[in-house]
Amino acid sequence: IINGEERNNFTIEHPKVRKNMPHIRGVFERDGEYVAIVYDSYARMSYYVSDLGSGDEHYGKLRENVFEKGAMSPEGLLVTGQKNGLLWIGLLAQDGSIRWEQLGFASGFFFQTCAYYNGNYYTVSRHHRLPLMLVSIFNEKGKRIYNEQYDLKEMLGMTKKSLLDVNAMNVDKDGIFIAGRVLPMKEVPYGLTMQFDKEGKNPQINKYDKVSNILASYPDGNGYSLLAEDRARNQYYIVNNIISETGKNALRIDNIIKNSDKISAYGIVLGGIVESFVADMK
């Protein structure tokens, strides 16, 4: 979809998977062309697709990985996920080959999202059963240069076990910004944002009790604007910490993305017929 208009549509069909069940985990633009990372739940393998929409798509090697999230950089496409039940991170070249990869450096954790900034790759992970969060930084050659574990009970001043789902991560000159939701044991979940400095220190935490989840964030002036939802899945904008309803009850917005000065959204049209939408935002 270009400028809100559908230009092309096609089916992803890896030539080596007979019963295809592809799940697109990310679409990214590189030099005017589009690439994607895909996890096939039938084959339980992942792959890379380049030249999307060209009519001559190129499919990469099937890999025994679960591709989850990605972030584009000048050096390639960062992909996070799992392999053999362990954390896996790798940088894919333009042909889908792996330029570097790391495996199994944080037992019990799984990646939630990632970002790229100024030559470094940033990831945030959560433990599958403990109230722990892990922020890691890798350089352009895949060397882990920073790894900090945070105890959510200590950070949030809670007495009960809590887990954190991170949906958004942004990194800029001011530091590391993450947003998502806290899942307290036997209590109501709530939205949360954390702002760290570039070294992952000095967290500034904002809690949003009116909403249960922060779905997306994008840079807006000197801070971030947020897309959130409550337990009934009503959606809200949070701008300058002011919460207001979206007024789009017929839409389920899944994400808001800012590229340069353009803001776009995508999601599902609610109603009898399931339809996806992409729209320019004001």
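**View 1. Aromatic cluster of Trp100, Tyr116, Tyr121 and Phe138.** In this predicted model, Trp100, Tyr116, Tyr121 and Phe138 belong to one aromatic cluster. Seven aromatic pairs are found when the whole structure is searched; two of them are shown in the next views.

**View 2. Stacked pair Trp100–Phe138.** The ring centres of Trp100 and Phe138 are 6.3 Å apart, with 25° between the planes. Trp100 belongs to strand E8 (residues 98-103) and Phe138 to strand E11, so the pair ties together parts that are 38 residues apart in sequence. Trp100 is buried at a relative accessible area of 10%, and Phe138 is buried at 0%.

**View 3. Tilted pair Tyr116–Tyr121.** Tyr116 and Tyr121 lie 5.2 Å centre to centre, and their planes are 50° apart. Tyr116 is partly exposed, with 23% relative accessibility, whereas Tyr121 is buried, with 0%.

**View 4. The largest nonpolar core.** This core has 22 residues, and those with the most contacts inside it are Met133, Leu156, Leu164, Ile176, Ile178 and Met194. At least two core residues come from each of strand E10 (120-127), strand E11 (132-138), strand E12 (144-151), helix H1 (152-156), strand E13 (162-172), strand E14 (175-184) and strand E15 (190-196). A second, separate core has 14 residues, including Ala71, Ile89, Trp100 and Cys114.

**View 5. Surroundings of Met133.** Neighbours within four places in sequence are left aside here. The remaining contacts of Met133 are Phe109, Val124, Ser125, Glu148, Gln149, Tyr150, Leu152, Leu164, Ile178, Met194 and Phe196. Among these, Leu164, Ile178 and Met194 are also listed with Met133 as having the most contacts inside the largest nonpolar core.

Methods. Residues numbered from 1 in each chain as written. Predicted model: local features only at pLDDT ≥ 70, side-chain atom pairs only at ≥ 80, totals over all residues. Heavy atoms only, no water. Core = buried A, V, L, I, M, F, W, Y, C linked by side-chain atoms within 4.5 Å. Buried < 20%, exposed > 50% of the residue type's maximum accessible area, 1.4 Å probe, protein only. Helix = DSSP H or I, 4+ residues; strand = E, 2+ residues; numbered from the N terminus. Contact = heavy atoms within 4.5 Å. Phe/Tyr/Trp six-rings, centres within 6.5 Å; stacked < 30°, edge-to-face > 60°.
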